Amino acid sequence: MAHSGHNHKGYMEKALAEAERAFSMGEVPIGCVIVHENKIIATAANARATGKNVLYHAEILAIDQACNHIGDWRLENCQLYVTLEPCPMCAGAIVQARIPLVVYGAKSPKAGCAGSILDILNEPRFNHRAEVISGICETECIALMQAFFARFRA
């Protein structure tokens, strides 16, 4: 694997902690961390409901933090870890930020744009593509989503 030096499981566990924070706030439990030079520079939980803003997905909030940290819109030397496959908005932001590696936990059959519905992250017509690694901590990511949605079926 090209990025075997990265601690994928450790970083995904940090993203899961953010997803658990979202869960505790009544949000869909999605968490994201962004890593630069083997250090976490951004952490975010989905805050769409509490923030009452469609843009407040974990990835968008984390990208905002990472840009502030680095002082640039280009995140070319960063890796993004997210518990759920990015949606079209977040996949678009990842492409725009030129993030070279995206690691996600669970597939999103209804909104996923890293291969499930569309593959925005590997669209050859765009000027940037991201390497995608999926299935890291997948069981835990799926369990958290299932626990959240089970609340509505009870």
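1. Axes here are lines fitted to C-alpha atoms, for helices over the stretch in contact, with angles from 0 to 180 degrees between N-to-C directions. Helices (H or I, at least four residues) and strands (E, at least two) are DSSP runs numbered from the N terminus.

2. The model is predicted: local features need pLDDT of at least 70, side-chain atom pairs count only at pLDDT 80 or more, and totals for chains, interfaces and linings use all residues. Residues are numbered from 1 along each chain as its sequence is written, and side-chain values use heavy atoms, leaving out hydrogens and water.

3. Helix α1 (residues 8-24) and helix α5 (residues 138-150) have axes that come within 11 Å and cross at roughly 5°. That makes α1 roughly parallel to α5 (angles under 35 degrees).

4. In contact terms (heavy atoms within 4.5 Å), L16, A19, E20 and F23 of α1 meet E140, C141, L144, A147 and F148 of α5. These residues divide into 7 nonpolar, no polar and 2 charged; Ala, Val, Leu, Ile, Met, Phe, Trp, Tyr, Cys and Pro count as nonpolar, Asp, Glu, Lys and Arg as charged, and the others, Gly among them, as polar.

5. Rings of Phe, Tyr and Trp (its six-membered ring) pair if their centres lie within 6.5 Å; planes under 30 degrees apart are stacked, over 60 edge-to-face, the rest tilted. The count is 3 aromatic pairs. Y11 and Y81 form a tilted one, 5.2 Å centre to centre with 50° between the planes. Y11 lies in α1 and Y81 in strand β3 (residues 78-84), 70 residues apart.

6. Ring pairs also link F23, F148 and F149 into a cluster.

Key:
Parallel < 35°, antiparallel > 145°, perpendicular 65-115°, else oblique.
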